[in-house]
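User: Could you walk me through how to read helix packing and burial here? I would like the general idea, then the case at hand.

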Amino acid sequence: MQLTSVIESKMKDFVKTMLAVIAGIVVIQLLGMIFFFIMIGSAAVSGSGTPALPKNAVLEVDMSKFVIAEQSTQLGPIDFSALSSSSGVVPTIGLWDAVSAIDKAAADPAVKYIFLRSDGASAGNATMEEFRKALASFRQSGKPVIAYSENPGTGSVYLASVADKFYMSSYHGGMSQFVGVSGQLVFVKDILDKLGVNVQLIRHGKYKSAGEMFIANAPSAANLEQNQAMVNSLWKSISGEIAKSRGIEAEKLNSLTDNLELIFPEDFLAAGVADGLVNRAELETKLCDLAVVSKPEDLHLVPFADYVKARITPSSAREKVAVIFADGEIVDAEQMNAISGDKFAAEIDKVRRDKNIHAVVLRVNSPGGSVLASEKIRTALDSLAAAKPMVASYGNYAASGGYWISSGVSRIYSDEMTLTGSIGVFSMIPDLTKVADKAGVNFVTIGSNEHSDMLSLIHTLDPAEIACMQASVEDIYDKFVNLVAAGRGMEPADVDEIAQGRVWTGADALGVGLVDEIGTLKDAVTAAARLAGYFSEDDYGVATYPAVPTILDMLLESLGAKAKASSILSGTGFESLADAVALLQDRKPSKVYAIIPYEITIK
């Protein structure tokens with residue numbers, strides 16, 4: 001009895017101590033979160049005012065100091081540009097805001113010219129294309145663009161070549177990265193075989209390469225063909241614009257690149273790509289002369305993020321054109337940085353019911369994803385298109401499910417470097433029976449029916465099960481083809497001929513009828529406005545949907561998010577392998593997907 005009392009007493013003390021420790025941990029976490037929000041709030045307050053702009057300014061567009069995405073990132077009631085680049089935070093600026101700011105600067109008497117530092121750009125290929133076009137449009141105002149590069153690569157030279165004067169550093173800091181466009185395909189079948197993982201892939205489309213990395217150790221002839229065509233098309237667009245802007249023959253530029261003759265600054269100068277080689281003092285002198293000031297201290301350089309914050313404000317116009325951003329993978333359940341089927345469809349319905357919105361641009365920047373979610377979104381978009389004129393604008397990707405949702409609009413605008421098409425579907429089920437055998441684990445299945453365990457992952461599909469899944473894939477592929485045929489005014493057989501899962505660049509998609517015109521987001525907005533009867537930008541405003549997540553939304557999601565197994569490969573140089581692992585990890589065996597499996601980015 002006495003011993004029992006002692007034990008009870010000790011247990012009570014232990015419980016009290018544990019509760020105190022838990023309470024302390026909770027308090028510390030709460031204090032940490034409160035401190036975090038105080039810091040964010042302080043930063044927001046310090047940067048929340050509109051930056052004061054000098055009357056005589058040079059707009060400094062330093063591509064390493066901001067990111068161009070589809071929409072500007074929000075910090076609660078303010079955007080990232082409220083924290084200037086001097087704070088150490090790199091702002092994320094939406095493409096529409098970025099292009100609008102360049103247009104504003106063209107008409108702004110306070111802006112004398114643009115100083116473009118093209119190195120370190122962080123944006124997708126098509127986004128870079130649209131931003132470059134905005135810079136070219138700025139030059140038409142009569143104001144110059146002066147570009148400068150210290151570490152020339154394909155992307156930085158592509159941007160800088162649009163300038164009136166393109167200077168390079170006279171210092172030798174290493175080898176140029178201007179060597180063309182390339183991509184890598186990752187195949188993991190051999191390592192999966194060693195682990196005992198057998199991926200059972202069911203697909204339609206000889207070019208539909210999503211999942212091929214798991215069942216082969218090299219690309220199929222069709223996959224190699226489409227990737228080579230994509231890379232060639234991207235390089236043709238990039239090199240063609242550089243050659244045109246710099247007054248060089250495209251064949252000559254290609255020869256110089258093939259023979260590695262554009263390595264040192266002197267090479268770019270000799271080829272006519274660059275206009276001069278300068279050190280820091282010489283660059284400052286040129287900038288001062290152009291701004292008509294005597295010394296660098298009088299040169300007022302305004303960071304681009306600050307200019308966006310000062311000049312770009314929400315439209316107060318009553319009559320509006322809506323831009324709906326379909327940005328990210330198309331998924332069933334709600335998640336950040338993705339297009340969630342039900343949630344996005346509800347957003348579309350909101351636009352349809354708004355009587356002040358008279359035309360719509362569907363901006364697609366998506367590799368695709370869930371067929372079920374794509375179906376829901378397409379249904380909502382069809383209802384919207386029946387109520388209001390709607391066009392589509394394609395960003396870096398509008399492929400597979402991204403094309404599924406958008407192919408029914410009245411007109412499609414695409415960038416040359418957009419990746420689109422990929423009209424094909426697939427499903428896959430990993431078979432882990434060999435893994436279980438190697439681990440010494442025995443699974444005994446007890447099922448009610450003949451095939452009740454076919455999706456259990458510890459099962460090898462038999463011929464009847466493969467036929468069942470293939471029939472599902474074929475049914476969805478046929479629906480996809482007929483949906484595109486109806487939206488594009490084509491015969492299903494003609495769509496099938498250019499489909500088969502093949503990915504096209506926007507430049508090539510124009511030739512096969514998948515898009516209507518090479519044009520920017522701004523071109524699409526103008527076209528939609530005209531369909532609604534507006535022929536002047538003064539007659540309407542632009543409203544964007546959906547609202548971007550705030551920093552609080554992202555914080556709450558990160559607190560509840562589970563780390564992906566592939567994250568251990570982040571920063572190791574094997575990110576492509578990490579992406580392959582994530583693709584296998586995220587695909588549910590009962591689902592059919594319409595998604596492009598890779599990305600190509602200009603470095």
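User: Which residues of H12 meet which residues in H13?

Analyst: Contact here means heavy atoms within 4.5 Å. On the H12 side there are Gly341, Asp342, Phe344, Ala345, Ile348, Asp349, Val351 and Arg352, and they meet Ala373, Lys376, Ile377, Ala380, Leu381, Ser383, Leu384 and Ala387 in H13. By class, that contact has 10 nonpolar, two polar and four charged residues. The classes are nonpolar (Ala, Val, Leu, Ile, Met, Phe, Trp, Tyr, Cys and Pro), charged (Asp, Glu, Lys and Arg) and polar (the others, Gly among them). Keep in mind that this is a predicted model, where local features need pLDDT of at least 70, side-chain atom pairs count only at pLDDT 80 or more, and totals for chains, interfaces and linings use all residues. Residues are numbered from 1 along each chain as its sequence is written, and side-chain values use heavy atoms, with hydrogens and water left out.

User: At what angle do H12 and H13 pack?

Analyst: Axes are lines fitted to C-alpha atoms, for helices over the stretch in contact, and angles run from 0 to 180 degrees between N-to-C directions. Helices (H or I, at least four residues) and strands (E, at least two) are DSSP runs numbered from the N terminus. Angles under 35 degrees count as roughly parallel, over 145 as roughly antiparallel, 65 to 115 as roughly perpendicular and the rest as oblique. H12 (residues 341–353) and H13 (residues 371–387) pack at about 5°, with axes 8 Å apart, and are therefore roughly parallel to each other.

User: How do H7 and H8 pack?

Analyst: H7 (residues 221–246) and H8 (residues 250–258) pack at about 115°, their axes 9 Å apart, which makes H7 roughly perpendicular to H8. Trp235, Ser239, Ile242 and Ala243 of H7 make the contact with Ala250, Leu253, Asn254 and Thr257 of H8. That contact of H7 with H8 has five nonpolar, three polar and no charged residues.

User: Is Ser366 buried or exposed?

Analyst: Buried means under 20% relative accessible area, exposed over 50%, partly exposed in between (1.4 Å probe, protein chains only). Ser366, in strand S15 (residues 357–366), counts as buried at 0% relative accessibility. Leaving aside neighbours within four places in sequence, the contacts of Ser366 include Ala326, Ile330, Tyr397 and Gly402.

User: And how many disulfides does the structure hold?

Analyst: A disulfide is a covalent bond between the sulfur atoms of two cysteines. With the cut-off for the sulfur pair set at within 2.5 Å, the structure holds zero disulfides. Cys288 is buried at 3% relative accessible area, whereas Cys468 counts as partly exposed at 49%.
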